[in-house]
Amino acid sequence: MSMTDTDLTLRHPELGTGPVSTDVYWKPEFYERELRAIFRQGWLCIGREEQIPEPGDFFTKEIPTFRLSVIAARGKDGVVRAFHNVCQHRGAGVELREKGHCKVFTCPFHGWSYNLEGELTGVPDQKAFYDLQRDKKGLPRVATDTWEGFVFINLNPEPAQSLAAYLGDLGSGLEGFGPFHRETTAFEYEARIQVNWKLMLDSFTEIYHVPVLHKRSVAASICGPKNPYGRVIDVLPKYPHRMATLAGNPEYRPFPVQGLAYGLSAGPSVTSGGSGSTEDLPVGVNPTRDPLWTLDLNVFFPNMIVIVGPGMYFTHTMWPTHAGETIWQMHGHLPPAANAAQRFAQENAMVELRDAVMEDVNTLERIQNAISQGLCDEFVFHDHELTLRYQHYTVLKWVEDFEKRLDAGR
Ligand code: FES
Ligand SMILES: [Fe+2]
């Protein structure tokens with residue numbers, strides 16, 4: 001498969017080739033259906049296991065989509081569990097710190113305490129309660145599982161599928177990828193953006209815009225004379241997930257400061273334009289074994305993109321707050337810097353990435369304004385915008401299938 005081949009879309013006749021309605025990107029009624037069918041049923045990533053390496057370690061995670069707070073804690077048995085951060089006395093938030101280490105969580109309101117397994121273990125002046133059944137008053141459990149160090153939750157207490165089954169081939173193909181298993185330095189960015197969550201995902205999963213929108217930043221590392229329009233190597237739909245695999249520009253020459261940073265780096269940078277060895281990679285990384293490969297964009301339905309490249313990965317996660325607003329979070333992971341020079345190289349990588357994302361975001365809020373006023377009621381997708389066409393298809397199919405199952409169960 002060469003990067004100049006086309007007709008990726010025709011390989012998936014169920015997707016069609018026509019324009020798609022923009023209604024699903026702004027209508028509040030559809031957004032409510034998405035929350036019920038997708039965000040209440042799908043597995044959602046809330047962090048990484050290395051945030052809580054030892055028994056007693058915990059972090060809290062706000063889920064802005066539902067204004068929920070979740071505690072993830074590693075128990076004495078080493079198992080990661082998650083709970084709603086809601087005291088069963090009168091509903092207060094039990095743990096207000098973002099992370100820490102403890103034996104029990106003590107509610108700051110009246111001091112009820114819960115162990116790492118979420119059981120209610122302490123009630124001040126308990127004898128003045130009537131018939132308090134402590135064993136029924138634990139913190140509400142949230143379905144939790146881990147995959148390659150990523151901590152996932154499911155807001156359905158009885159998920160329809162295990163995490164492994166849900167992640168399917170996309171998950172199993174990435175298992176064993178080295179950077180998931182290294183001690184790494186984490187960095188993160190977050191922003192509240194006036195755009196639908198799906199448009200935010202779309203902006204990170206097509207490359208057609210790269211030579212134009214990112215001409216002053218990352219364009220040259222991907223698009224060169226051999227690939228002027230930013231075509232992808234391939235797009236692999238893996239319902240409900242999807243992935244796109246990308247080639248780098250082998251002729252890329254970094255700017256002077258970039259060159260210095262890359263030379264000092266303890267590891268690869270996302271904008272280095274280089275392609276990596278195809279050896280020792282799991283089957284799902286550089287799946288076509290293209291020698292020009294530089295990055296894969298793995299989209300875990302519904303809201304996370306795991307971007308993997310030679311020796312590194314980073315993630316984007318989108319948390320919708322309403323039909324036209326999303327909280328975007330980017331988490332990156334770099335090898336620990338051994339000295340100040342490597343630290344400089346890492347700072348360079350982080351700001352390069354941040355600046356490229358800001359270029360994306362600048363276009364998005366105008367798109368949201370336009371579609372929600374009926375000024376662009378259809379999107380027409382290029383063959384290499386197949387990941388976008390596929391998202392439109394999967395979201396509609398997932399919502400409709402879920403509603404059919406609900407109706408059948410009534
Ligand atoms: S609400 Fe938590 S102890 Fe009262
Ligand atoms: Fe972009």
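1. Start with strand 11, residues 150-154. Phe150, Phe152 and Asn154 point one way from this strand, Val151 and Ile153 point the other way, and all are buried. "Buried" has a cut-off here: 20 or more other C-beta atoms must lie within 10 Å of the residue's own, while exposed is 12 or fewer and partly exposed is in between, with C-beta atoms placed from the backbone. Since five of the five residues of strand 11 are buried, the strand is largely enclosed by the rest of the structure. A strand, by the way, is a DSSP run of E with at least two residues, a helix is a run of H or I with at least four, and both are numbered from the N terminus.

2. Before you go on, remember that this is a predicted model: local features need pLDDT of at least 70, side-chain atom pairs count only at pLDDT 80 or more, and totals for chains, interfaces and linings use all residues. Residues are numbered from 1 along each chain as its sequence is written, and chains are lettered from A and ligands numbered from 1 in the order in which they are written.

3. Which strands pair with strand 11? Strand 10 pairs with strand 11 in the antiparallel sense over five bridges, and strand 2 (residues 43-48) is also joined to strand 11 by five bridges, again antiparallel. To count as a pair, two strands need at least two bridges found by DSSP. Strands of a sheet pair through backbone hydrogen bonds, either parallel or antiparallel.

4. Now look at individual partners. Asparagine 154 is the bridge partner of alanine 143 and also of tryptophan 43. Tryptophan 147 stands opposite phenylalanine 150. The hairpin of strand 10 and strand 11 has two residues between the strands, and glutamate 148 there takes a positive phi near 50°.

5. Strand 10 (residues 141-147) also runs antiparallel to strand 5 (residues 80-84), joined by two bridges. Here alanine 82 has valine 142 as its bridge partner. Both of those residues turn up again around isoleucine 153, which touches Leu44, Ile46, Val70, Ala82, Val142, Ala143 and Thr144, leaving aside residues up to four places away in sequence. Touching, or contact, is a matter of C-beta atoms, placed from the backbone, lying within 7 Å.

6. Ile153 belongs to the largest nonpolar core, which has 89 residues; Val70, Ile71, Ala72, Ile153, Met200, Leu246 and Ile307 touch the most other members. A nonpolar core is a set of buried Ala, Val, Leu, Ile, Met, Phe, Trp, Tyr and Cys residues joined through C-beta atoms within 7 Å. This core draws at least three residues from each of domain 1 and domain 2.

7. How is the chain divided into domains? The assignment gives domain 1 (9-38 + 169-409) and domain 2 (43-158), with bounds taken from an automatic or database domain assignment. Their C-alpha centres lie 32 Å apart. The contact takes 13 residues from domain 1 and eight residues from domain 2. On the domain 1 side, helix 2 (163-174) and strand 17 (312-322) each supply at least two residues, and strand 17 gives the most, with four residues.

8. Next, check out the open sheet of seven strands, in the order 12-18-17-16-15-14-13 with antiparallel pairing. Its edge strands are strand 12 (185-193) and strand 13 (234-238), each pairing on one side only. Inside this sheet's order, strand 15 (residues 293-300) and strand 16 (residues 304-309) are joined by five bridges, and phenylalanine 300 stands opposite methionine 304.

9. There is also an open sheet of three strands, ordered 7-8-9 and paired antiparallel. Strand 7 (104-106) and strand 9 (120-122) stand at the edges with a single partner strand each, so one side of each is left without a neighbour in the sheet. Strand 7 pairs with strand 8 (residues 113-115) over three bridges, and threonine 106 has serine 113 as its bridge partner.

10. Last stop: is glutamine 133 buried or exposed? Glutamine 133 is exposed, because it has 8 other C-beta atoms within 10 Å. You will find this residue in the loop between strand 9 and strand 10. Its C-alpha atom is separated by 33 Å from that of glycine 42, and the two residues are 91 residues apart along the chain.

Methods: Contact = placed C-beta atoms within 7 Å.
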